[in-house]
Amino acid sequence: MPPGYVRIQWVDLTNVVRYRVLPVKYFKQLLGGTRPGIGISKASFGRVQSKSLAAGFTVMGEYLYVPDLSTLRLCGYAPKHAVVMGWLEEKSPVKTEDGRLSVEADICTRRALQRVVKEAKAISDVDFLVGFESEFILIKSTDPIEAVSYHSCSASRGLASGSVEATVMDEIAEALQLSGIELLMYHAETAPGQYEVVTGPLPPLEAADALVHTRETIFHIAAKHGLRATFAPRIFMQSTGSSAHAHISINSPRSTKYPDNLSLYESSFLAGVLEHLPAIVGFAMPIPASYKRMVDGMRSGGTYVCWGTENRECPIRYTSVGSIAARRYEFRFIDGTANPYLVLAAILGCGHLGIQSNMQLKVKDCPGPQTAANMSEEERNTLSITRRLPLTWEEARKSLSGDSGIRYIFGDGAVKKYLAVNQVSIKLIHLFFPGELTHSYRFSETCLKQIPKVKANV
């Protein structure tokens, strides 16, 4: 049955997925216009939970959101619906920071990622492939918080036949494939009620779009069965948290890959990312609870600016080294509260800055068996591991704000707006959930408590 409705969908600066539903008949009429799109209030991008307007935003003005028909896909979780992403544009040309007239909105995160990818191709003839792992926890009760099951990683009991969690995961798998997303695998993870869905490699913008659709699929199918799917960084402090690992490969005819060594582009790309990593974390770990997941000794990536061959205690793992075609970097510091377009634009943009400047990779491989955290300062210095990642939300914001590379990639205005919205969102959590929660140690729980209670019949 063909869909009867189209969801015009976008992701805001706080990583909230939003959409408007149009009947197919009206959607077709819309596309017949000279400049098809829907109007979205500019204030809505600076307003968090309809309470406070962030600095840099006003109640006046409207963006035009133009559908990108190349992204149109079926919603496997809503059979009567299709979904399409788009481009956020000014209704009339405005002067950009470099003096040009353009309709491109400075806070369009999809456009920022597209721009970074196009520049890397045009300047350095480099292409990227990106694949994601989506970790999440299925909750059957939000007050008190109770996981749907208790199991270890890949354990059979985590997907017991006939259980609601097995049914949910099967339906997620079927819905993703119906939507045209390549599913590589899914399995039970380590924390209570935790599962992982792994999708195949795509060009960066397509990969980010697929990740958004994957998360929507997971969330809605869980809800259909009376469960709450959360991508929060860490709910259960006695277990590992949930992440959104990105696997990225760098490919160019200008940079030959050899079996035993990093290519010129792979090396300089990694050097560029490591140089700006403390700032990138401001996008990748955008809430205080993120820093309860990214700790030493929990296989989450650790807190030192480093990389390592098959080392899960590094924020960047170099993996599948023996295969020229499959080898890639795994960026382990990203969590599910981050806007994927911003994170990928930051990683790829900073990596390309490294390629452009032929930056030398000074930080040496940290393959183990000792982790950076367990080394002495002298041992770390031998590998040029001399910096730590931000250990708090405040430190990450400061690093992001002061990084010239990030500002070059996104523009001063876009960075300021992101930081302003990010600050308002966390201030609201502090306001409504005082005490221990003011420090957002259990931010994920406060998110859950802002929705109606879930009590599944399982």
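Helix H2 gives the second largest pocket the largest share of its lining, six residues. Keep in mind that this is a predicted model, where local features need pLDDT of at least 70, side-chain atom pairs count only at pLDDT 80 or more, and totals for chains, interfaces and linings use all residues. Numbering starts from 1 along each chain as its sequence is written, and side-chain values use heavy atoms, with hydrogens and water left out.

**The second largest pocket**
- About 860 Å³ of space sits in here, counted as the space filled by probe spheres set on the grid points.
- The lining runs to 41 residues, with Glu 97, Asp 106, Arg 115, Phe 410 and Gly 411 nearest the centre.
- Elements giving two or more residues to that lining include strand E9 (86-95), helix H2 (109-124) and helix H11 (412-432).
- A pocket here is an open set of points on a 1 Å grid where a 1.4 Å probe fits, with protein on both sides within 12 Å along at least five of seven lines; lining residues have an atom within 4 Å of a point.
- Helices (at least four residues) and strands (at least two) are DSSP runs.

**Thr 199**
- Thr 199 belongs to strand E14 (residues 194-199).
- Thr 199 counts as buried because its relative accessibility is 10% (buried is under 20%, exposed over 50%, partly exposed in between, with a 1.4 Å probe and protein chains only).
- Leaving aside residues up to four places away in sequence, Thr 199 touches Gly 131, Phe 132, Ile 181, Glu 182, Leu 184 and Thr 214 (contact means heavy atoms within 4.5 Å).

**Tyr 5**
- Tyr 5 lies in strand E1 (residues 5-11).
- Tyr 5 is partly exposed, because its relative accessibility is 36%.
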